[in-house]
Amino acid sequence: MLFRSGTGFGTTVHVPAFQSDPNTEVVAIVSGRSERAQEAAAKFNIPVWSTDYTEVVRRPDVDLISISTPPYQHHAMAMAALDAGKHVLLEKPMALNLAEAGELVAKAKQAGVVHAIAHEFRFAPSRAYAKDLIDQGWLGKLRSVDASLYVAGRVGSLASPTYTWATQRAKIGRAHV
């Protein structure tokens, strides 16, 4: 049984992926906005929705916590899950800095649970194609790569309340500087 935190990208990519596995049941979803949580629960037939991740983390029918919220929320949510003895899947970046990441890894090891970072885009067709070109030598021997990713739909929405965190350095972590 699993609990999802995040109703943006999480419901676009993660929930359908989890639900495609017959051995996985998504039993709860959380959003900071009740209307988003209710909408996602109804759309994906998830029995429990909440605006409080701590109440869902305490549920005995939840084994795995999957977190795809903005990075500045990862540490607190993951620590609560690990304190409750739950397995954790974190969307990248896992933390705002190395100290937070170290605390999460240490806590997961202490709790004896599985902890992982989601890197699902490595399987996106465009990225797989780029890897094939590199593997085939089309670009020669690479010594350094500087790449930019442009995501349709998100750039214009950075001014919206949903993505204002993405423009604030303190909320995105050092991986996004």
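Trainee: Is Leu-142 buried, partly exposed or exposed, and what is its relative accessible area?

Mentor: This is a predicted model, in which local features need pLDDT of at least 70, side-chain atom pairs count only at pLDDT 80 or more, and totals for chains, interfaces and linings use all residues. Residues are numbered from 1 along each chain as its sequence is written, and side-chain values use heavy atoms, with hydrogens and water left out.

Leu-142 is partly exposed, at a relative accessible area of 36%; buried means under 20%, exposed over 50%, and partly exposed in between, with a 1.4 Å probe and protein chains only. Its place is the loop between helix H6 (125-135) and helix H7 (169-172). Helices (H or I, at least four residues) and strands (E, at least two) are DSSP runs, numbered from the N terminus.

Together with Ile-134, Trp-138, Leu-139 and Val-145, Leu-142 makes a nonpolar surface patch of about 530 Å². Such a patch is made of residues with over 30% relative accessible area and no salt bridge, and nonpolar side chains (Val, Leu, Ile, Met, Phe, Trp, Tyr) are joined within 5 Å, like charges within 9 Å. The areas come from the Shrake-Rupley method with a 1.4 Å probe; for residues, only the protein chains shown count as cover. A salt bridge is a side-chain nitrogen of Lys or Arg within 4 Å of a carboxyl oxygen of Asp or Glu.

As for confidence, the mean pLDDT (the predictor's confidence in each residue, from 0 to 100) of the protein is 83, and 78% of its residues reach 70 or more. Confidence is lowest in strand E1 (residues 2-5), with a mean of 51, and highest in H5, at 95.

Another loop, between helix H2 (34-44) and strand E3 (48-50), holds Asn-45, which is exposed at 67% relative accessible area.
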